[in-house]
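The report below describes one protein chain and the residues around its ligand. Please read it alongside the sequence and the model.

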Amino acid sequence: MKTVLKNGYVLIAGQLQRADVLIDAGMIQDISPEIPASQNQVVSIAGQVILPGFVDVHVHFREPGYTDKETIATGSLAAAHGGYTTVFSMPNVQPVPDTPQRWLQMQQLNQQKGCIHIQQYASITRQRTGNELVDFKALKQVGACGFSNDGSGVQTAATMYQAMQAAAQVHLPIAAHIEDDSLAHGGVMNAGLSAQKLHLPGIPAVSETAQLARDLELAAATGVHYHACHLSTAASVELVRAAKKRGVNVTAEVTPHHLLLDESMITTDNPLFKMNPPLRTLADRQALLSGLLDGTIDCIATDHAPHTKLDKQGSMLTAAFGITGLETSFAVLYTSLVQSNLCSLAQLVNWMSTQPARIFHLTQAGRIAIGAPADLTVVDLNHWTTITAANMLSKGKNSPFIGRKVAAQIKATMVHGQWVYQQEAK
Ligand SMILES: NC(=O)N[C@@H](CC(=O)O)C(=O)O
Ligand SMILES: [Zn+2]
Ligand SMILES: [Zn+2]
């Protein structure tokens, strides 16, 4: 049976326009102002907005190995709750998908247990540590979407250089967690005023920028698609801007928390503000937004990093790095950026859906068009709520946005014509 989403608004050419959407066999069959109800299953979404499903190129689902923090089932449900229809899963699980066989096992788990599309990264080095490279060609052949040692930077320049040569040869990206351990050791938040006040050890900006400068040179020399994960400093934005200007094949992401929060908001020793890279200064935060607005930064990725309550209790000194993000990203960004006129809804959707799909060559995601797969999210842009832990479907409740009032709500998410999340009627 065909489904018609009736009386909603669709973002067409950057504008919200009244349109019905007809879905059949998982695909969008028609988009027009009035599609007759006859013979079709009608879903009334009066006053709500249909957006292309969001695409997150950086999430942690923790399975296999750390299923007390998250599973593929709970992580993908959390993604659907946040309006995402495609995510890219990082390989810092156990066992690490560092051989074709282990990658295929991981992929099988994703397909069996996930309710949305999941792309799977392979690691850059065996066990995600050291200098022994994975078999790039074999991992490309089984279907890896790219290579990442996320959680740690690749410390040795020669290893990164060889990895980039190998990735370039198979036309896959290197997604880099950028951090020089010898400059970052022991820090738990940005090396700055708040760390001084709280007597906590700091992570300086140079631990990111020094390695980024190195990597951009190596990327220029190898021609690899280098994707810079979770940029956090103004100087990083400037480095990427200059590299793009001279034609380096670089793309970059920024997280909602680095756009909306900064170190001045950390007034107590609170592990909910502990993540890697850390929240930097207000000036850094502003530079990240400028970088998005001028196209230096290509997309928004959550770096959804769920942890157990136990992992996140006590002091920042001992708690785990990372916060969740999938279920709050659209609502907090819409409220703080679109409602404050810092960007338009079309720009936000571009950064959360169209651009991430484009830079990772997903031709079937990130758009609403006749003939495209029905990967959609339905949102209410006029519904104030408060973010609570109780409403989260992720196992991880470690979000600094809990308690925030937000102006928008995800009502339902559809993957290939099937509802994967629907808010219960109240
Ligand atoms: N961002 C984090 O603070 N933590 C991530 C790893 C990472 O993205 O570096 C995690 O896996 O928990
Ligand atoms: Zn990382
Ligand atoms: Zn990460």
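Leu-77 lies in helix H1, where helices (H or I, at least four residues) and strands (E, at least two) are DSSP runs numbered from the N terminus. This is a predicted model, in which local features need pLDDT of at least 70 and side-chain atom pairs count only at pLDDT 80 or more, while totals for chains, interfaces and linings use all residues. Residues are numbered from 1 along each chain as its sequence is written, and chains are lettered from A and ligands numbered from 1 in the order in which they are written. Leu-77 counts as buried because 21 other C-beta atoms lie within 10 Å; a residue is buried if 20 or more other C-beta atoms lie within 10 Å of its own, exposed if 12 or fewer, and partly exposed in between, with C-beta atoms placed from the backbone. When neighbours within four places in sequence are left aside, Leu-77 is in contact with Cys-115 and Leu-393, contact meaning that the C-beta atoms of two residues, placed from the backbone, lie within 7 Å. Leu-77 and Ser-394 are 317 residues apart in sequence, yet their C-alpha atoms are 7.2 Å apart in space.

An open sheet of three strands has the order E6-E7-E8 and parallel pairing, two strands being paired if DSSP finds at least two bridges between them. Its edge strands are E6 (54–59) and E8 (117–120), each of which pairs on one side only. From one strand to the next the twist averages 20 degrees, and helix H1 (residues 72–81) packs on the sheet, touching E6, E7 and E8, with its direction making about 135 degrees with that of E7. For these angles, axes are lines fitted to C-alpha atoms, for helices over the stretch in contact, and angles run from 0 to 180 degrees between N-to-C directions. Strand E7 (residues 84–89) runs parallel to E6 and is joined to E6 by four bridges; Val-59 has Ser-89 as its bridge partner in E7.

## The shell around ligand 1

Which residues are around ligand 1? They are His-60, Asn-92, Asp-150, Gly-151, His-177, Met-275, Asn-276, Asp-303, Ala-305, Phe-321 and Gly-322, a residue being near a molecule or strand if its C-beta atom, placed from the backbone, lies within 6 Å of it. By class the shell has three nonpolar, six polar and two charged residues; here Ala, Val, Leu, Ile, Met, Phe, Trp, Tyr, Cys and Pro count as nonpolar, Asp, Glu, Lys and Arg as charged, and the others, Gly among them, as polar.

## Annotated positions

An unreviewed UniProt entry gives the annotation "active site" to Asp-303; UniProt positions follow the numbering used here, feature names are shortened, and annotations may be inferred rather than shown by experiment. Asp-303 is placed in the loop between strand E14 (299–300) and helix H11 (329–338), and counts as buried because 28 C-beta neighbours lie inside 10 Å. Not counting residues up to four places away in sequence, Asp-303 touches His-58, His-230, Thr-255 and Gly-325.

The unreviewed UniProt entry also places the feature "binding site" at Asp-150, His-177 and His-230. Although these three are spread over 81 residues of sequence, they cluster in space, with a largest C-alpha distance of 10.2 Å. Asp-150 is in the loop between helix H3 (136–142) and helix H4 (157–169) and is buried, with 22 C-beta neighbours inside 10 Å. His-177 occupies the loop between strand E9 (174–176) and helix H5 (181–184) and is likewise buried, with 23 other C-beta atoms within 10 Å. Beyond four places in sequence, the contacts of His-177 include Asp-150, Gly-151 and Cys-229, and those of Asp-150 include Met-90, Asn-92 and Cys-229.

Strand E15 (residues 376–380) is largely enclosed by the rest of the structure, because four of its five residues are buried. Strand E5 (residues 49–52) pairs with E15 in the antiparallel sense over four bridges, and Leu-51 has Thr-377 as its bridge partner in E15. Five bridges join E15 to strand E18 (residues 409–415), again running antiparallel, and Thr-377 stands opposite Thr-413 in E18.

Is Ser-32 buried or exposed? Ser-32, found in strand E3 (residues 27–32), is exposed, with 12 other C-beta atoms within 10 Å. Its contacts, leaving aside neighbours within four places in sequence, are Ala-19 and Asp-20. The C-alpha atoms of Ser-32 and Ile-368 are separated by 12 Å, although the two residues are 336 residues apart along the chain.
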